[in-house]
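Please consult the sequence and structure shown below while reading.

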Amino acid sequence: MRKFYCMTVLALLAVVMFAIFAAVWVLTVPFDRNRTVCHRVSRFWSKMICRICPWWRVRVSGLEHAVGGGPFVVVANHQAMLDIPLLYVLPFNFKWVSKREVYRIPLFGWVLWMHGDVAIERGGAASAKAMLRQCEAYLRRGVSIVMFPEGTRTKTGRVNGFKEGAMLLAKQSGAAILPVVIDGTFDAFADGSRAEPHTFRVEVLAPVEADEVARTPVRELRDRLNGWMRETHESLAPQRYREKQQENTILR
């Protein structure tokens, strides 16, 4: 029942907000190169999503790390589609890097295109290079980039290993990296007969400054960030990692 209610209301909200977003895009796209106004509409839309279910709560910590700096290459763990509205708590304009097939999703994919986000083909070297060039252009104009370095959503709720693309982008562009850890979206739509309170957590960690990014090898940077974010997530959701330990014990 809880899942049905959320999905129905979110679908209705998406239709209404898409119409508003499309109108804003038509009016502003000729002079708003960085889609700043569209980003503000997206932030409002995202706030509505997080408030649409009365039993949802959002807890944000470390937001001071995102103020007054940047532009950043933001790296976040990926649990579910709800990660996207949650990340709009970040107080600056940013663009997503998203797989090309996501752009084919009705409404959502169209919004990504109008928002000016960056597409990448799965497994395509030429597409990866084009993505890096487009991201670097945004960073030079002061617009941050958000990437999910795991490459896909987790199937366990835990933080998986990282790919190197975000670290390579930060190194090539001379940008700082802003790590963000998310928890709570993985099981937001868990089945249940009652609407029980559910908390989403967003923890913004201290940025890895540009000079440190520049002097650290890409793989070392990847592994360091992966370990740091995994430890942070384990402190937020220790039960996920106890489950892993139990699985390993059973396998032995």
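Helices (H or I, at least four residues) and strands (E, at least two) are DSSP runs, numbered from the N terminus. On this basis, Gln79 is placed in the loop between β2 (72–76) and α3 (83–86). The model discussed here is predicted.

**The sheet**

Seven strands form an open sheet in the order β1-β7-β6-β2-β5-β3-β4, and their pairing is mixed. The edges are formed by β1 (56–61) and β4 (118–120), each of which pairs on one side only. On average, neighbouring strands of this sheet are turned by 20° against each other, direction ignored. In general, strands of a sheet pair through backbone hydrogen bonds, either parallel or antiparallel. Strand β3 (residues 94–99) pairs with β4 in the parallel sense, over three bridges. Within this pairing, Val97 has Val118 of β4 as its bridge partner.

Nonpolar side chains tend to be buried together in soluble globular proteins. The largest nonpolar core of the model has 47 residues, of which Trp45, Trp56, Leu87, Leu90 and Trp96 touch the most other members. At least two residues of this core are supplied by each of α1 (2–28), α2 (36–51), β2, α3, β3, α4 (108–115), β6 (176–183) and β7 (198–204). The largest share, nine residues, comes from α1. Beyond its neighbours within four places in sequence, Trp45 is in contact with Leu13, Ala14, Met17, Phe18, Phe21 and Val111. A second, separate core holds 31 residues, including Ala166, Met167, Val181 and Leu205.

Helix α4 has Gly109, Val111, Leu112, Met114 and His115 as its buried residues. After α4 comes Gly116, with a positive phi near 80°.

The side chain of Gln79 makes polar contacts with the side chains of Asp183, at 3.5 Å, and His233, at 3.2 Å. Apart from residues up to four places away in sequence, Gln79 touches Arg153, Thr154, Gly157, Ile182, Asp183, Gly184, Thr185, Phe186 and His233.

Asn34 lies in the loop between α1 and α2. Asn34 and Phe94 are 60 residues apart in sequence, while their C-alpha atoms are 8.9 Å apart in space. With residues up to four places away in sequence set aside, Asn34 touches Asn93, Lys95, Tyr138, Arg141 and Val143.

The following residues count as buried because each has a relative accessible area under 20%.

| Residue | Relative accessible area | Class |
|---|---|---|
| Cys38 | 0% | buried |
| Gln79 | 4% | buried |
| Cys50 | 13% | buried |
| Asn34 | 17% | buried |

**Cysteines**

How many disulfides does the structure hold? The structure holds zero disulfides. A disulfide would require a pair of cysteine sulfur atoms within 2.5 Å. For Cys38, the closest cysteine sulfur is that of Cys135, and the two sulfurs are 18 Å apart, so the distance is too far for a bond.

Technical notes
Residues numbered from 1 in each chain as written. Predicted model: local features only at pLDDT ≥ 70, side-chain atom pairs only at ≥ 80, totals over all residues. Heavy atoms only, no water. Buried < 20%, exposed > 50% of the residue type's maximum accessible area, 1.4 Å probe, protein only. Pairing = 2+ DSSP bridges. Axes fitted to C-alpha atoms, helices over the stretch in contact; angles between N-to-C directions. Polar contact = N/O pair within 3.5 Å; in protein donor to acceptor, adjacent residues only side chain to side chain. Contact = heavy atoms within 4.5 Å. Core = buried A, V, L, I, M, F, W, Y, C linked by side-chain atoms within 4.5 Å.
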